[in-house]
Amino acid sequence: TTVVTSNGLLAIAKYARNLSSGKLNWSTFASASPSDIMQFALLVKANGPQDLHNVVVKDTLPSSLIYKGGLTINNTPSSGDIIAGINLGTIFAGQTKTVVYRAQVSLPQNFSLGMTTLANSVSVKATEAYASASSTIIVSKTGILGEAITIDTGLTNNILEDSFLLPLLIILSTAWLYKSGSLFKKI
């Protein structure tokens, strides 16, 4: 979502992509699974005819997104923390600064089965203006209901022990011997 302040001096756009899935197209909407690594890009522009001073950008990640660093400003690694806020200094009229960083989707136990929507917002404040934008992450948790269990069938994978033919043969032989009278002959 791109948001321009009411006075038109400051514009911000926020995009996301899922690095874990290999989908590397930037969008204001991204899908994810628990534990996926997401990457966010913020484009901050001095939109009006004047420079913006003391520009601070701050992201408010929802509790299900954990900041993982990888912060760059205009493709230059930075040691700042987007959660605490980063001072971009002065952005000259017409100039855009790009801030990129990573976050990890929380573990599976923090989500219920199905889809969960995470709204992620960012704010930018300069001496002259203020703006905010957001992106949406849809987390999809799938799984089987219940636990897998083992049921003892009595089978051992031994053909002699598992075969029903051997006991049947013994029973039929005994029945034939009894009926023929050879099983209990008188001596």
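The model is predicted, so local features need pLDDT of at least 70, side-chain atom pairs count only at pLDDT 80 or more, and totals for chains, interfaces and linings use all residues. Residues are numbered from 1 along each chain as its sequence is written, and side-chain values use heavy atoms, with hydrogens and water left out.

**Overall make-up**

The secondary structure consists of two helices and 12 strands. Helices (H or I, at least four residues) and strands (E, at least two) are DSSP runs, numbered from the N terminus. Along the sequence, the pattern reads β-β-β-β-β-β-β-β-β-β-β-β-α-α. The protein has 187 residues, of which 31% count as buried; buried means under 20% relative accessible area, exposed over 50%, and partly exposed in between (1.4 Å probe, protein chains only). Among contacts between residues at least 6 apart in sequence, 71% join residues at least 24 apart. Here, contact means heavy atoms within 4.5 Å.

Strand 2 covers residues 10–18, and eight of its nine residues are buried, so the strand is largely enclosed by the rest of the structure. Two strands pair if DSSP finds at least two bridges between them.

| Partner of strand 2 | Sense | Bridges |
|---|---|---|
| Strand 5 (residues 37–46) | antiparallel | nine bridges |
| Strand 3 (residues 23–27) | antiparallel | two bridges |

Ala16 takes part in both pairings: its bridge partner is Phe40 in strand 5 and Ser27 in strand 3. Strand 2 and strand 3 form a hairpin with four residues between the strands, where Gly22 takes a positive phi near 85°.

Lys14 also lies in strand 2. With a relative accessible area of 0%, Lys14 is buried. The side chain of Lys14 is joined to that of Asp59 by a polar contact of 2.8 Å. A polar contact is a pair of N or O atoms within 3.5 Å; within protein, one must be able to donate a hydrogen and the other to accept it, and residues adjacent in sequence count only if both atoms are side-chain atoms.

**Leu61**

Leu61 is found in the loop between strand 6 (52–60) and strand 7 (65–73). Its relative accessibility is 16%, so Leu61 counts as buried. Leaving aside neighbours within four places in sequence, Leu61 is in contact with Ile66, Tyr67, Ile83, Ala103 and Asn120. Of these residues, Ile83 is 22 residues from Leu61 in sequence, and the two are 7.3 Å apart in space, C-alpha to C-alpha.
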